[in-house]
Amino acid sequence: MAVKFLVRGIQAALALLLAALAAALAGLWAAAAFFAALLALVPAGYYLYCLLRLRTLAARDPGAAADFVFGAGAWLAGALQHREEILPFLKSFPEPPRAVGEIGRAQGGTLALLCAASAQDALVISLDLPGAAFSGELSALNRAFWRRPLLRAMKGPGRELVLLDGDSRSSESLRRFGEALGGRRLDLLFIDGDHSYEGVKADYERYSGFVRPGGVIAFHDIQPCAARPGVEVSRFWRDYPLPGTRTEYVKDRAQDGMGIGAVRLPG
Ligand SMILES: C[S@@+](CC[C@H](N)C(=O)[O-])C[C@H]1O[C@@H](n2cnc3c(N)ncnc32)[C@H](O)[C@@H]1O
C-alpha cells in the first residue's frame with residue numbers, strides 16, 4: 001500500500017511538472033505558474049492528509065493505525081518496526097493501557113500505534129532526544145512547525161499527550177517524566193531509545209520504577225543485530241535479570257535486528 005501511494009504521488013507530481021513545462025514551452029506563462037504552484041502543493045497536501053488521517057485514526061484500533069503508519073503515512077509518520085511484531089504485541093493487552101510511556105519516538109510511528117492501542121482517556125508520555133541516532137529530525141524549525149502538529153494529532157480527542165525532549169539518562173528528563181505522570185503508574189513502558197547495552201540498561205533501571213506491579217515493559221530490537229554492532233539490546237534481553245514473565249514477538253528468528261521483548265512485572 002505504501003508503494004502504491006508513493007507511485008500515485010510521483011505520477012501526480014510528474015503530470016504537473018510536464019504540464020508546467022509544456023505550458024512554459026508554449027509561452028503560456030500564467031498556466032505554467034499555475035501548474036508549478038500546484039506541484040509545490042503536493043508535499044503540503046500530503047502533510048495535511050497525514051494530519052487529518054492521524055486525527056481520525058487516534059480514535060480507532062491499532063490495526064487501522066498500523067495500516068496508515070506502515071502504508072500511506074510511512075514517509076511522515078513511519079514506525080521503525082515490523083508490523084507483524086508490534087501489532088500482536090499491542091493486541092496482547094486484555095484491557096487498553098491507561099498510562100503509557102515511550103522512550104525513543106523518532107518520527108512518531110510507535111507513538112501513533114501506542115495511542116491507538118491505549119484507552120481513549122489515557123495519559124501518554126513520549127521522551128526523545130532530538131538529533132540522536134534514528135531520530136529522523138531535521139531541525140528545531142521542523143520539530144516545532146511540522147513534527148509537533150503531527151505528533152499532537154496522534155493522541156485523538158480524549159487522551160493526554162506529553163511530549164518530552166531530552167536525554168533519557170539526564171536527571172532532568174527523569175524528573176520531568178515523573179512530573180508528567182503526576183503520581184500515576186504506567187501500565188506500559190516501551191523502550192526504544194539508546195540501543196547500546198548501557199543505554200537500554202540505564203533506561204530500564206531509571207524508568208521501570210514508574211511501571212505499576214503487573215504492568216509491562218517492552219524493549220525493541222531484541223534480535224541480535226550484526227549489521228549495526230552498536231545495537232546491543234539483544235545482549236541486555238539475554239543477560240539482564242528482568243523480573244516477571246517474558247514474551248517475545250519476533251517475525252523471523254533468522255532476521256537481523258528488530259523483535260520486541262515484553263516483560264510483565266510480577267503483580
Ligand atoms: C530507533 S528510534 C525509535 C523508533 C521509534 N520507536 C519507532 O519505532 O518508530 C530511536 C530513537 O531514540 C532516540 N534516542 C536515542 N538516544 C536517546 C536518549 N539517550 N534519550 C532519549 N531518546 C534517545 C533517538 O532520538 C531516536 O528517535
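How many bridges join β4 to β5? Five bridges link these two strands, which run parallel; here strands are DSSP runs of E with at least two residues and helices are runs of H or I with at least four residues, both numbered from the N terminus, and two strands pair if DSSP finds at least two bridges between them. The model is predicted, so local features need pLDDT of at least 70 and side-chain atom pairs count only at pLDDT 80 or more, while totals for chains, interfaces and linings use all residues. Residues are numbered from 1 along each chain as its sequence is written.

The protein chain contains 10 helices and seven strands, and its C-alpha atoms fill a box of roughly 75 × 40 × 35 Å along the principal axes. An automatic or database domain assignment divides the chain into domain 1 (2-47) and domain 2 (78-264). The centres of domain 1 and domain 2, taken over C-alpha atoms, are separated by 39 Å. Of the 267 residues, 40% are buried; a residue is buried if 20 or more other C-beta atoms, placed from the backbone, lie within 10 Å of its own, exposed if 12 or fewer do, and partly exposed in between.

The strands form an open sheet of seven, in the order β3-β2-β1-β4-β5-β7-β6, with mixed pairing. Because β3 (160-165) and β6 (245-249) stand at the edges with a single partner strand each, one side of each is left without a neighbour in the sheet. Neighbouring strands are turned by 15° against each other on average, direction ignored; axes are lines fitted to C-alpha atoms, for helices over the stretch in contact, and angles run from 0 to 180 degrees between N-to-C directions.

Within this sheet, β4 pairs with β1 in the parallel sense over four bridges, and I191 of β4 is the bridge partner of I103. Towards β5, F190 has A218 as its bridge partner. Six of the six residues of β4 are buried, so this strand is largely enclosed by the rest of the structure.

Helix α9 (residues 197-207) lies across β1, β4 and β5 and runs at about 165° to β4. Its buried residues are G199, V200, D203, Y204 and Y207. Seen down the axis of α9, these fall within an arc of 130°, so they line one face of the helix; the arc is that of the directions from the helix axis to the C-beta atoms. On the other side of α9, E198 and E205 are exposed. The buried face packs against elements including α8 (171-181) and α10 (233-239).

The largest nonpolar core has 62 residues, and L54, V69, A112, L113, L189 and I191 have the most contacts inside it. Such a core is a set of buried Ala, Val, Leu, Ile, Met, Phe, Trp, Tyr and Cys residues joined through C-beta atoms within 7 Å. Helix α6 (residues 109-117) gives the most to this core, with seven residues. Leaving aside neighbours within four places in sequence, the contacts of L113 include P62, A65, V69 and L90; two residues are in contact if their C-beta atoms, placed from the backbone, lie within 7 Å.

With 22 C-beta neighbours inside 10 Å, V263 counts as buried. The C-alpha atoms of V263 and G214 are 9.5 Å apart, although 49 residues separate them along the chain.
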